Amino acid sequence: MSLKKLSANRCWGGTQFVYSHDAKETACTMRFSLFLPPQAAERKVPVLYWLSGLTCTEENFTVKAGAQRMAAELGLAIVAPDTSPRGLNLPGEGDRYDFGLGAGFYVDATEAPWSQGYRMYSYVTDELRQLVNAEFPVDAARTGIFGHSMGGHGALLCALRNPTVYRSVSAFAPITSPTRCDWGRGALKGYLGDDENRWADYDSTLLLLQHGWKGPQILVDQGDQDVFLPQLQPQLLREAADQAGVALELRMQPGYDHSYFFVQSFIADHLQHHAKALIG
């Protein structure tokens, strides 16, 4: 068994862990953080997966979002994986902030050399989820997903493609349509090749139009002072949801930017959003 506990800290009556394990999908050792609320000592608890943005690791959310206090009150476990494989030493993987290391974009790469391990979609939705379900006191039937920026894009696409797995979804400042922004087009071309038909499986707006969403209302928060708004394009998600007849609460937050100060300001709302769906 490759699961290794790296740290454990008492936090709001629960425990904040960091683990590593040897992952098949990414062909390397991966790290993830896990917060178990105090209720996990007595029973299985609902679990949320947080997907982080460009340049991040599992640490950013864990130490900056301030999610543990409300998660402990509500009885929610939170898993936060890294954003890409580490240690594959592929040529050029550290040359750009928006591609390669810290920028897996939650896709399964098909182009060499990235196909060797840049398979974050399958890692998150399958391998890591199965590991967490098997090793920790979480209720697999009550799973939700949320994220920030590139991770908001990842959360939306994972939920829309796996509606029987994820019962709730929300996002902070997501890249809503990677096929229509520079960040997304560069990453999708690099990981998936020139055939844009392959890209559609990783675009939340196109997935909404194709599959819809029959789960609870999707919650999205976006700061109106976010310098990355031209990349994020929340209006495209609004248009797709309206066209697909999907319930979306898109909240433009006055004065907020793209930082974790923005995330921590509204994290309680998102945890309560998921708790309503997963606990009632």
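How many bridges join strand β7 to strand β8? Three bridges link β7 (residues 168–172) with β8 (residues 218–223), and the two run parallel; strands are DSSP runs of E with at least two residues, helices are runs of H or I with at least four residues, and both are numbered from the N terminus. Phe172 faces Asp221 in β8.

This is a predicted model, in which local features need pLDDT of at least 70 and side-chain atom pairs count only at pLDDT 80 or more, while totals for chains, interfaces and linings use all residues. Residues are numbered from 1 along each chain as its sequence is written, and side-chain values use heavy atoms, without hydrogens and water.

The open sheet has nine strands in the order β1-β2-β3-β5-β4-β6-β7-β8-β9, with mixed pairing; two strands pair if DSSP finds at least two bridges between them. Because β1 (4–11) and β9 stand at the edges with a single partner strand each, one side of each lacks a neighbour in the sheet. From one strand to the next, the twist averages 20°.

Helix α3 (residues 120–135) packs on this sheet, touching β2, β3, β4, β5 and β6, and its direction makes about 120° with that of β2. Contact means heavy atoms within 4.5 Å; axes are lines fitted to C-alpha atoms, for helices over the stretch in contact, and angles run from 0 to 180 degrees between N-to-C directions. Helix α10 lies across β4, β5, β6, β7, β8 and β9, at about 170° to β7.
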